[in-house]
Each structure stands twice: as structure tokens, then as C-alpha cells.
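Here is a friendly briefing to read alongside the model. Please keep the sequence and the 3D view open as you go.

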Amino acid sequence: MGHHRALLIGASDYEMRGIQPLPFVPGDLTRLGAVLTGRGFADVQVLARRPGGKQISANYINARVIGFLRRVRPGDTAFILLSGHGVHARGQDFLVPEDIDEDVHPFESGCVPIDWRRHLDETPADHVVFLIDACREGIEQDSMSVAGVREWGRQQISAALRRKVAYLYGCSPAQLSLFVRPHEQVRDGRDHGTRPGESFSIFSRSIADVVTAHPHGRPLALAEFRDAVQDRVPRTTSSSCPVPAPLWPRTRTPRPGRAATRRR
């Protein structure tokens with residue numbers, strides 16, 4: 001019988017001009033990691049800060065994902081969460097590593113493509129779920145974004161992967177994944193477990209809350225998980241953001257179709 005295993009990677013300590021740090025990311029991943037461990041995941045790796053002040057670099061991210069996909073076992077379900085700034089360029093989605101440099105041109109050449117198809121073809125895992133908390137567009141004060149990008153793409157999945165791989169994005173194309181800043185007030189009657197002074201990603205917090213609330217011992221299918229996160233995201237947004245706005249996660253699976261996509 002297979003096990004559930006998780007790799008949670010977060011880029012937060014950015015130094016490049018024009019890219020704001022995301023100091024809440026390590027806390028988000030630590031919280032989610034504890035939730036997954038408490039729910040019986042056999043292996044949970046949380047990689048958001050490196051010893052000695054080393055950065056979460058492009059090489060580091062790639063190596064950790066590739067190694068994780070190689071080491072899972074037949075029958076396993078693998079969860080890979082990527083959190084940080086993200087861009088979409090030339091039909092491809094990218095995670096921005098902490099060591100990105102302003103002189104890199106084109107910008108995306110210094111980023112991590114969210115595309116491990118060759119390694120997915122070879123992984124022994126029965127199922128792989130990518131959770132992308134980095135689908136950002138443009139510069140917004142309370143979003144996790146980099147200037148000059150277009151809407152996030154739709155992952156193309158090779159025929160060999162049609163049984164096993166899905167992507168759950170923190171937003172739909174042309175939307176932003178929001179985070180709550182420390183000074184934003186919890187609105188009366190809408191705390192949904194949030195506390196004054198907290199800073200966190202709406203999407204990562206919603207995932208943790210959904211897993212926490214799910215009954216022990218009952219399987220959680222991907223469609224049910226997606227729907228529960230979709231329900232949780234706008235409620236968490238409305239509890240803390242000054243101007244509530246609908247924000248809909250979306251899945252990319254081998255079959256066509258995605259969640260509602262409109263943001264006012």
C-alpha cells in the first residue's frame with residue numbers, strides 16, 4: 001500500500017530590486033507541514049530556509065523536486081507545493097528563485113520552469129499533485145508578483161502522464177494569489193481561524209485549513225479537495241483583506257475543464 005509524501009518549497013528572501021520579500025512563506029509551509037504530518041503523511045519535507053543563509057536557488061529547487069520524484073515509491077501519492085513569486089513567459093510558468101539577478105536576460109532564463117515532464121514520466125509514484133502558490137501577475141502591493149508577465153499558462157501533460165498528474169493553482173489565468181499583511185485587520189465575524197497581526201498566503205492557509213477540517217480516515221479525492229479549497233479561499237480572503245474579492249483556485253488535470261476564473 002502506498003503512502004502520502006509531501007515536498008514543500010518556498011522562496012521568500014528576495015534581494016533583487018523591484019521584488020519584495022515574502023517573509024510569511026516559511027511560516028505558511030511550517031504550518032502546512034505540521035498539518036500534513038498530523039494527518040499521517042509518511043514523509044513531509046519543508047524547505048523554506050537553508051542553513052548558513054544560503055538562498056533557495058534555481059539549482060536547489062530543481063534538485064529537490066527531481067530527487068523527490070525519484071525517491072517516492074510505487075503506490076505513493078506525492079504532493080509538491082511551490083510558493084514564492086512567479087512569472088509566465090513564452091507559454092511557460094516559472095517560479096522565481098531567491099537568487100534571481102536583475103541583469104539576467106531574458107528574466108525567465110534565471111527562473112525555474114514548472115515543468116518536470118521527463119522526471120514525471122519516470123517517477124514510480126501513482127499520483128503526483130503540484131500545488132502552485134505562485135501564480136502572480138503584475139505588481140500589486142498585496143500580491144506575490146513580478147512586473148511584466150502575462151497570464152499563467154495551462155500545463156501541457158504528455159500522454160504518459162494522463163493517469164497520474166494534476167496541478168492546483170492558487171488562482172485562475174490573469175488573476176493574483178493574494179497574501180494578508182500584518183497590519184490588516186480581521187473583519188468582525190469573519191475570522192475563520194485567522195488572528196490579528198498574522199501575515200500569510202490565502203492559498204496556502206486555505207489548503208492547511210481544508211486538510212485540518214477533513215474527517216480522519218476518509219479519502220479526499222482531488223475534485224473534492226479542489227472544491228473545498230475553492231470554498232475556503234474567498235472566505236479567508238473576506239476575513240482579512242480590506243476589499244474582499246473572489247479568488248478561485250484552478251486545477252489542471254488530463255481532462256479539459258477548470259474552475260471559475262473571474263475576479264472583480
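This is a predicted model: local features need pLDDT of at least 70, side-chain atom pairs count only at pLDDT 80 or more; totals for chains, interfaces and linings use all residues.

Residues are numbered from 1 along each chain as its sequence is written, and side-chain values use heavy atoms, with hydrogens and water left out. Helices (H or I, at least four residues) and strands (E, at least two) are DSSP runs, numbered from the N terminus. For exposure, buried means under 20% relative accessible area, exposed means over 50%, and partly exposed is in between (1.4 Å probe, protein chains only).

- Helix 1 covers residues 25-38, and its 14 residues should span 20 Å at 1.5 Å a residue; the end C-alpha atoms are 20 Å apart, which agrees. The expected span is 1.5 Å times one less than the number of residues.
- Its buried residues are V25, P26, D28, L29, L32, G33, V35 and L36.
- The cover over these buried residues includes strand 1 (4-10), strand 2 (43-47), strand 3 (77-83), strand 10 (200-201) and helix 4 (202-213). Contact here means heavy atoms within 4.5 Å.

- Three strands make an open sheet in the order 4-5-6, with antiparallel pairing. Strand 4 and strand 6 are at the edges with a single partner strand each, so one side of each has no neighbour in the sheet.
- Strand 4 (residues 86-89) and strand 5 (residues 92-95) are joined in the antiparallel sense by 4 bridges; two strands pair if DSSP finds at least two bridges between them.
- Within this pairing, V87 is opposite F94 and A89 is opposite Q92.
- In a regular strand the side chains alternate between the two faces of the sheet. In strand 4, G86 and H88 point one way and V87 and A89 the other way, and all are buried.
- The hairpin of strand 4 and strand 5 has 2 residues between the strands, and R90 takes a positive phi near 55° there.
- In the loop between strand 5 and strand 6 (112-113) sits P106, and the peptide bond from H105 to P106 is cis, with omega near -5°.

**Nonpolar cores**

- A nonpolar core is a set of buried Ala, Val, Leu, Ile, Met, Phe, Trp, Tyr and Cys residues joined through side-chain atoms within 4.5 Å.
- The largest has 37 residues, and V96, I100, F107, L131, I207 and F225 touch the most other members. At least two residues of this core come from each of strand 1, helix 1, strand 3, strand 4, strand 7 (127-133), helix 4 and helix 5 (222-240). Helix 4 gives the most, with 6 residues.
- A second, separate core has 27 residues, among them L47, F68, A125 and V165.

**Polar contacts**

- A polar contact is a pair of N or O atoms within 3.5 Å; within protein, one must be able to donate a hydrogen and the other to accept it, and residues adjacent in sequence count only if both atoms are side-chain atoms.
- H88 belongs to strand 4 and is buried at 11% relative accessibility. The H88 side chain has a polar contact of 2.6 Å with the side chain of D93 and also reaches the backbone oxygen of Q92 at 3.2 Å.
- E224, in helix 5, is partly exposed with a relative accessible area of 32%. Leaving aside residues up to four places away in sequence, E224 touches H214, R218 and P219, and a polar contact of 3.1 Å links the side chains of E224 and R218.

**Salt bridges**

- A salt bridge is a side-chain nitrogen of Lys or Arg within 4 Å of a carboxyl oxygen of Asp or Glu; this rule gives 8 salt bridges.
- E108 and R90 form one, with the closest N and O atoms 3.1 Å apart. E108 is in the loop between strand 5 and strand 6 and R90 in the loop between strand 4 and strand 5, so the pair ties together parts 18 residues apart in sequence. E108 is buried at 13% relative accessibility, whereas R90 is exposed at 74%.
- D115 and R117 form another, with the closest N and O atoms 2.5 Å apart.
- R31, D209 and R232 are linked in a salt-bridge network.
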